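Let's walk through this one together, a question at a time. Have a look at the model first.

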Amino acid sequence: MAKQVNAPVSPWRFRVVIAGLLILAALLLARALTLQVLDVDRGYRFLQGQGNARTIRTEIIPAHRGMISDRNGEPLAVSTPVASIWANPQELGKNKDSWAKLARALNMSHGELAGRLQRYADSQFMYLRRHLSPQDAKTILALKVPGVYLQREYRRFYPAGEVAAHMLGFTDIDDRGQEGLELAYDEWLNGTPGSKRVLKDLYGNIIREIDAGREASPGKDLQLSIDLRLQYLAYKELKSALKRTGAKAGSVVILDSRSGEVLALVNQPSYNPNNRSQLSPSAMRNRALTDMFEPGSTMKPLTMVAALESGRYQPDTEINTHPGYIKVGPKLLEDHRNYGVLTVADILKKSSQVGTTKIALSLDEQEVWRVFQRFGLGRSTGSGFPGESTGVLPNHPNWRAIERATFAFGYGLTVTSLQLAQAYSVFANHGVFQPVSLVKRETSAERKQLISPKIARQIVDMLESVTGPGGTATRARVDAYRVAGKTGTSHKAIAGGYAEDRYFSLFAGVAPASDPRIVAVVAIDEPKGDYFGGLVAAPVFSKVVADALRLMNIAPDDVEPVAKMDKKGDAAA
């Protein structure tokens, strides 16, 4: 068989193949240049943008809220780091096999998780759980369920719980102020979140940071005027008093007379701001600033200011209150008993309605009203607390005699506990009026000489007799200290008049009487059984003021041994 010989390759065919390969290489090189180097439509910038859009994310860096502390730096509200679990419903919806284990980890049923995913099916974001501990969040993320991610946040925590709840208020789940000072100072306390750019993988895990971006700026701290130690003690005494008397509610306010700062402000009932799952709206009210009531006989010292300023009366001026009652128009006003002839000081000591009425009717019909108005009644105290009531101070072009009489001993107007404390601070501060403050003051506030120091001193001396033998508030006394104050017991207003068996029991006073540093008001709403201010509110005043004087290291001013007295006294006021 003959051997077959291969024909030689044609030169032109070789050249065509080589040329084709070179053209192909050139096309590949051109494409590579287009994709990697040249800035053309759908070139490297387009591809780079598409890649970045799928892998580069801007992460928000949460900023913690400023801390709220008491006057001594004790924390009252702090922000703690927590973790929230969120999901991309469109991504998680494709992994139905993982729903069961994810639902168990989230402590929800499979049906609940499926229902939520269905509601958010068209979205790319939904929360699964908010404000988990870092450890619980780590357990959920360890399941490595596609579409489930972590978000770091902060949650507000209140170490004092219900003791300071009404002053502080609370924040919502997004850490924005909703009530109290959290709301009033929300802009001050709220921080500015930061941001950073990160590179993420297919499963949303951060591979590395691309740039630091903008740092988070924490909120500013806020230091309150209250002393947490005194706040605890006042809260304890108030809660005990309500349990003992069966009262519906109550408030205690304590002021520093020299600075106008609120040292303690407590209310009952209260609530726990750390657990608001069963929160009652009535428990949320800061009653000391929002609830208005007729102050009753606690207004008599202000009526005495009008009497002393008129020049017609002195503390030792005598007035005949016989036979123990007086008829004004159709109304009969009675004293607890027939006291006969009383001095102006004794009228305050015995809380005589007859004596107060005679003084009020002898004055110009606007004189008492003008004193009440000067003392801040009918307007804000300047505390800045959200929702603070201003009270009601009515004025009439023509006062009827009965209106003038009842107005002089605290009916026909309304005040708050804080307003009453502010008014009494004028007596304690040698006649000087100043706004109150819930925030610790670095400088003194604007002060105004409201009444003469002499009259302020005379009123304090008369109020001191109220707590002495034969006065209506012997239970307000404090061992080793001189105490001055006034009881008040007012019927509660109802539709069409006043309730016969519902009362507000009050005591307002200052201590130590020789040079007052503390002003305190105790208000007890609807006590059962005994209801006179001298029996219900005065003992609470005694205990909280004793604690305040000790904590403030104020020297005793009663050098004589405390005399054994009739603890009941007259009690009525």
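Reader: How do the residues lining the largest cavity divide by type?
Author: Quick ground rules: this is a predicted model, where local features need pLDDT of at least 70, side-chain atom pairs count only at pLDDT 80 or more, and totals for chains, interfaces and linings use all residues. Residues are numbered from 1 along each chain as its sequence is written, and side-chain values use heavy atoms, with hydrogens and water left out. Counting Ala, Val, Leu, Ile, Met, Phe, Trp, Tyr, Cys and Pro as nonpolar, Asp, Glu, Lys and Arg as charged, and the others, Gly among them, as polar, the lining comes out as five nonpolar, no polar and three charged.

Reader: What is the volume of that largest cavity?
Author: On a 1 Å grid over the protein atoms alone, a cavity is a set of points where a 1.4 Å probe fits but cannot get out, while a pocket is an open set with protein on both sides within 12 Å along at least five of seven lines; lining residues have an atom within 4 Å of a point. Points are joined across faces, edges and corners, and a volume is the space filled by probe spheres set on them. The whole structure has one cavity of 30 Å³ or more. Its volume is about 50 Å³.

Reader: Which helices each supply at least two residues of its lining?
Author: The lining is made by Ala360, Asp364, Glu365, Val368, Trp369, Trp399, Arg404 and Phe407. Helices (H or I, at least four residues) and strands (E, at least two) are DSSP runs, numbered from the N terminus. The two you want are H16 (367-374) and H17 (401-408).

Reader: Is aspartate 364 buried, partly exposed or exposed?
Author: Aspartate 364 is in the loop between helix H15 (353-362) and H16, and its C-alpha atom is 9.8 Å from that of arginine 404, 40 residues apart along the chain. Buried means under 20% relative accessible area and exposed over 50%, with partly exposed in between (1.4 Å probe, protein chains only). At 41%, aspartate 364 is therefore partly exposed.

Reader: What geometry do tyrosine 411 and tyrosine 498 have as an aromatic pair?
Author: Rings of Phe, Tyr and Trp (its six-membered ring) pair if their centres lie within 6.5 Å; planes under 30 degrees apart are stacked, over 60 edge-to-face and the rest tilted. There are 14 aromatic pairs by that rule. For tyrosine 411 and tyrosine 498, the centres are 5.5 Å apart with 85 degrees between the planes, making the pair edge-to-face.

Reader: What is the space in the second largest pocket?
Author: Its lining has 30 residues, with Glu334, Gln353, Phe409, Tyr411 and His491 nearest the centre. E13, H17, E17 and E18 each give two or more residues to that lining. The space is about 940 Å³.
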